[in-house]
Amino acid sequence: MADRAALEDLVRVQGERVRGLKQQKASAEQIEEEVAKLLKLKAQLGPDEGKPKFVLKTPKGTRDYSPRQMAVREKVFDVIISCFKRHGAEVIDTPVFELKETLTGKYGEDSKLIYDLKDQGGELLSLRYDLTVPFARYLAMNKLTNIKRYHIAKVYRRDNPAMTRGRYREFYQCDFDIAGQFDPMIPDAECLKIMCEILSSLQIGDFLVKVNDRRILDGMFAICGVPDSKFRTICSSVDKLDKVSWEEVKNEMVVEKGLAPEVADRIGDYVQQHGGVSLVEQLLQDPKLSQNKQALEGLGDLKLLFEYLTLFGIADKISFDLSLARGLDYYTGVIYEAVLLQPPARAGEEPLGVGSVAAGGRYDGLVGMFDPKGRKVPCVGLSIGVERIFSIVEQRLEALEEKVRTTETQVLVASAQKKLLEERLKLVSELWDAGIKAELLYKKNPKLLNQLQYCEEAGIPLVAIIGEQELKDGVIKLRSVASREEVDVRREDLVEEIKRRTSQPLCIC
């Protein structure tokens with residue numbers, strides 16, 4: 001039994017060696033040689049009799065995050081949250097699951113992606129699909145008619161994951177919403193401003209925000225001859241135009257959804273148009289569309305919206321796009337979606353959209369669905385697609401081979417001689433009590449070189465070195481890891497000096 005335990009230890013050590021070589025990107029020959037040694041040791045162990053067999057993996061559509069990945073995610077969240085707070089938002093939270101009836105019928109065709117849970121004590125529950133429907137339930141339940149809130153939490157979708165593109169079954173949403181009765185388009189314009197501020201701050205590339213209005217879509221469907229019963233399902237087809245060609249969308253509407261070909265052609269004449277405020281004005285003169293009350297209201301609001309967006313200095317980032325449909329059932333007015341742009345392959349070509357990174361819109365009827373008296377609370381909001389953003393930032397850092405700090409330690413408390421553990425413990429405690437992020441090595445008598453090497457590997461910028469002479473003189477030797485410069489600092493001045501030297505803000509990369 002003891003021999004087997006010793007062999008298992010050897011297998012573990014050899015396994016760690018193989019993993020270390022792979023991380024260091026050692027030569028294939030060296031890795032192959034060490035893997036052969038590992039297999040030989042495992043063969044000596046023989047079969048694992050009586051040991052339960054199970055697969056070590058995360059469930060489909062989910063993932064673990066390493067300290068490096070979490071450091072990147074935290075910095076992205078910091079950018080987003082600071083923007084939400086700058087615009088005066090409060091923060092709320094809601095349960096990860098809701099009563100099934102709360103979520104039913106709010107997401108159109110996407111309702112099939114909701115995760116239902118087993119009956120628990122007579123309550124039928126489902127995991128939340130997004131943060132918007134729980135927010136509407138929260139407003140109705142607490143009889144709130146006015147709030148500006150943000151909410152960052154995980155949501156769940158029984159989708160086919162495409163994890164390389166940041167599409168998961170469990171993922172974070174970052175939502176900002178303004179609820180209340182206000183003058184038209186002022187809150188809507190602020191939501192678009194927030195979206196542009198966040199995407200610009202994250203520096204993930206050029207982007208474009210597509211804008212449309214559900215009233216314009218509904219009016220367009222009506223004048224094109226779409227039956228009322230097919231509005232939502234045709235809307236869902238049109239929403240795929242950013243991913244597939246018009247011919248494929250038309251084929252889906254005609255063959256799968258039974259729409260007359262001539263009606264689909266009339267829709268095609270509209271949904272392939274995009275532009276700025278000039279397109280809004282052009283459609284206001286459209287002989288058919290301008291006769292539809294809903295479409296006219298939507299176009300009037302979009303014209304006003306573009307005026308506010310110009311004042312906010314972001315009109316050049318916004319495109320009025322008649323193909324934007326946003327398949328969720330609860331939208332009632334302005335809708336928008338931000339896409340990252342890929343530079344054109346050849347001169348003269350337009351940039352290509354490479355994926356949605358934020359979206360939102362107005363949903364004035366959702367709260368009324370939950371209110372016993374049907375009282376409506378107008379709402380408009382946005383959601384930042386952080387998982388897609390994380391994937392982009394991670395890929396960029398990999399390509400640049402950027403080193404990412406996984407801790408925020410400001411200083412390592414080190415010693416230059418032996419038998420100074422007590423002094424190191426006293427000093428590190430003083431620093432912690434003063435709010436300084438500090439560490440020390442967990443050895444009684446560590447070598448100074450090992451302490452300095454640890455700082456370089458962990459990206460710790462400063463070392464506070466205690467020595468016998470320094471103790472006599474009442475000073476601490478403060479060393480900059482990058483420049484290797486050392487200065488003596490009076491012990492009572494050490495906290496302020498560390499704060500002064502480490503006050504620079506952290507960037508994403």
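Predicted model: local features only at pLDDT ≥ 70, side-chain atom pairs only at ≥ 80, totals over all residues.
Residues are numbered from 1 along each chain as its sequence is written. Local features need pLDDT of at least 70, side-chain atom pairs count only at pLDDT 80 or more, totals for chains, interfaces and linings use all residues, and side-chain values use heavy atoms, with hydrogens and water left out.

The domain assignment gives domain 1 (1-45), domain 2 (67-399) and domain 3 (411-503). Such bounds come from an automatic or database assignment. The centres of domain 2 and domain 3, taken over C-alpha atoms, lie 51 Å apart. An unreviewed UniProt entry lists residues 390-417 as "coiled-coil region"; UniProt annotations may be inferred rather than shown by experiment. In the model, residues 390-417 are 39% helix and 18% strand. Helices (H or I, at least four residues) and strands (E, at least two) are DSSP runs, numbered from the N terminus. The end C-alpha atoms of this stretch are 44 Å apart.

Two packed helices are described by the angle between their axes and the distance between the axes. Axes are lines fitted to C-alpha atoms, for helices over the stretch in contact, and angles run from 0 to 180 degrees between N-to-C directions.

Helix α3 (residues 67-86) packs with helix α14 (residues 386-400) at about 125°, with the axes 10 Å apart. That makes α3 oblique to α14; angles under 35 degrees count as roughly parallel, over 145 as roughly antiparallel, 65 to 115 as roughly perpendicular and the rest as oblique. Contacts (heavy atoms within 4.5 Å) involve residues of α3 including Val72, Val76, Phe77 and Ile80. Their partners in α14 include Ile389, Phe390, Val393 and Leu397. The contact of α3 with α14 holds nine nonpolar, one polar and five charged residues. Here Ala, Val, Leu, Ile, Met, Phe, Trp, Tyr, Cys and Pro count as nonpolar, Asp, Glu, Lys and Arg as charged, and the others, Gly among them, as polar.

Helix α7 (residues 214-224) and helix α8 (residues 231-238) cross at roughly 110°, and their axes come within 11 Å. The two are therefore roughly perpendicular. Their crossing is right-handed. Leu217 and Phe221 are among the α7 residues in contact, and Phe231 and Ile234 among those of α8. This contact has seven nonpolar, no polar and three charged residues.

Helix α11 (residues 277-284) and helix α12 (residues 293-311) cross at roughly 155°, with axes within 10 Å. That makes α11 roughly antiparallel to α12. Here the crossing is left-handed. Contact residues include Val280 and Leu284 of α11, and Leu299, Gly300 and Phe306 of α12. By class, eight are nonpolar, one is polar and two are charged.

Note on methods:
Left-handed = near helix turned anticlockwise from the far one by under 90°.
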